[in-house]
Each structure stands twice: as C-alpha cells, then as structure tokens.
Amino acid sequence: MGLFEDIEAKFNELEDGRYVVRVDGFKRDKTITNMNPIRWSLSLMNDYSAQLPAKFSHIETNAGFQILLRELKSLGYPKPKSAEEFEKILNSLKGSIVEVSVTTTNKEEGYREVKFLRKLY
C-alpha cells in the first residue's frame, strides 16, 4: 500500500467526451443538505479502465427538473403529465443503451457533469 493510494481514482478518470452506457437503474439519495436528487446507476459499455463520474439529477429545483426533462426529450420521451408518468418513464429507461457526454464544468473543484444525449437501444 502506498502513501497516495487514497487518490488513485483521480488517475483513472474518463476524459471529457461522449460515451455509450447502459442505464442500470436509479434511486433517490438524501444529501447532507436534505435534498433528494436522482442518483443514476450507469455502466460503461466499452472496456475502459477509467470510471464514469456519478450522474445526479437535481429534480427538487426548477432548473434541475427542466434539465432532466430536456434530457428525457433528447432520449425520445414526451413530457410527463404527472409524477406517476414521470416514474414510469424513468423505470422504462432501465436496461437502455444511451449515449452520454462527460464534461468538466469546474476544473478547480473537479466537478464533472454527465448528460444523457440520445437513446441507442
């Protein structure tokens, strides 16, 4: 074990770009600020040694909710008319193969954004 093993993951980050992933699922996670964003479970489809950053959808805020609706539209889904329809759409994404973009939005803090771009299968 080395002196710097705690930062090993920083050397295995994906470069900014587009990637193909499988949507394995999602859940609502409570944060330290008592928000409940959606935490997506995504698996890279190609054999990358690097790790995909976590994708969160902050649906409790108006802006975050609208961002997710735009992403769902780009995947081919209509705007849901209710919370129940919204949940059905999200559940139907499980097992889907989608293209995502990974972008570093704050280099100083290392914030990485993952966006759904299009549904492939």
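Analyst: Happy to; the model is a predicted one, and we can start with the overall fold and then go residue by residue.

User: Why is Val 114 called buried?

Analyst: Buried means under 20% relative accessible area. Val 114 has 5%, so Val 114 counts as buried. This residue sits in strand S5, residues 111-119.

User: And which residues does Val 114 touch?

Analyst: Leaving out residues up to four places away in sequence, Val 114 touches Leu 42, Pro 53, Ala 54, Lys 55, Glu 71, Val 100, Ser 101 and Val 102. Take Pro 53 from that list: Val 114 and Pro 53 are 61 residues apart in sequence, with 7.2 Å between their C-alpha atoms.

User: How do you know that Val 100 and Ser 101 are buried too?

Analyst: The same cut-off of under 20% applies. Val 100 has a relative accessible area of 0%, so Val 100 is buried. Ser 101 has 13%, which is under the cut-off, so Ser 101 is buried as well.

User: What makes a group of residues a nonpolar core here, and which residues have the most contacts inside the largest one?

Analyst: To belong, buried nonpolar residues must be joined through side-chain atoms within 4.5 Å. The largest such core has 24 residues, and those with the most contacts inside it are Trp 40, Leu 42, Leu 72, Leu 93 and Phe 116. Strands S1 (17-28), S2 (38-44), S4 (97-106) and S5, together with helices H1 (62-74) and H2 (83-92), each supply at least two residues of this core. In soluble globular proteins, nonpolar side chains tend to be buried together. As for Leu 42, its contacts beyond four places in sequence include Val 21, Leu 52, Val 114 and Phe 116.

User: Why do you say that the buried residues of H2 line one face?

Analyst: The buried residues of H2 are Phe 86, Ile 89 and Leu 90. Seen down the axis of H2, these buried residues fall within an arc of 95°, so they line one face of the helix. An α-helix has 3.6 residues a turn, so residues three or four places apart point the same way. The face turned away from the buried side of H2 carries the exposed residues Glu 84 and Lys 88. What covers the buried residues of H2 includes S1, S2 and H1.

User: Where is the largest pocket lined, and what kinds of residues line it?

Analyst: That pocket has a volume of about 470 Å³. Its lining has 21 residues, and Ala 54, Tyr 111, Arg 112, Glu 113 and Val 114 lie nearest the centre. Strand S3 (55-57), H1 and S5 each supply at least two lining residues, with the largest share, five residues, coming from S5. By kind, the lining divides into nine nonpolar, six polar and six charged residues.

User: What makes Asn 34 and Lys 79 exposed?

Analyst: Exposed means over 50% relative accessible area. Asn 34 is at 53%, so Asn 34 counts as exposed, and Lys 79, at 60%, also counts as exposed. Asn 34 is found in the loop between S1 and S2, while Lys 79 is in the loop between H1 and H2. Beyond four places in sequence, Lys 79 is in contact with Leu 69 and Glu 85.

User: What is the phi of Asn 34?

Analyst: Asn 34 has a positive phi of about 65°, although this residue is not a glycine. Most residues other than glycine have a negative phi.

Key: Residues numbered from 1 in each chain as written. Predicted model: local features only at pLDDT ≥ 70, side-chain atom pairs only at ≥ 80, totals over all residues. Heavy atoms only, no water. Helix = DSSP H or I, 4+ residues; strand = E, 2+ residues; numbered from the N terminus. Buried < 20%, exposed > 50% of the residue type's maximum accessible area, 1.4 Å probe, protein only. Contact = heavy atoms within 4.5 Å. Arc of directions from axis to C-beta. 1 Å grid on protein atoms, 1.4 Å probe; cavity = no way out; pocket = protein on both sides within 12 Å on 5 of 7 lines; lining within 4 Å. Points joined across faces, edges and corners; volume = space filled by probe spheres on them. Nonpolar A, V, L, I, M, F, W, Y, C, P; charged D, E, K, R; others polar.
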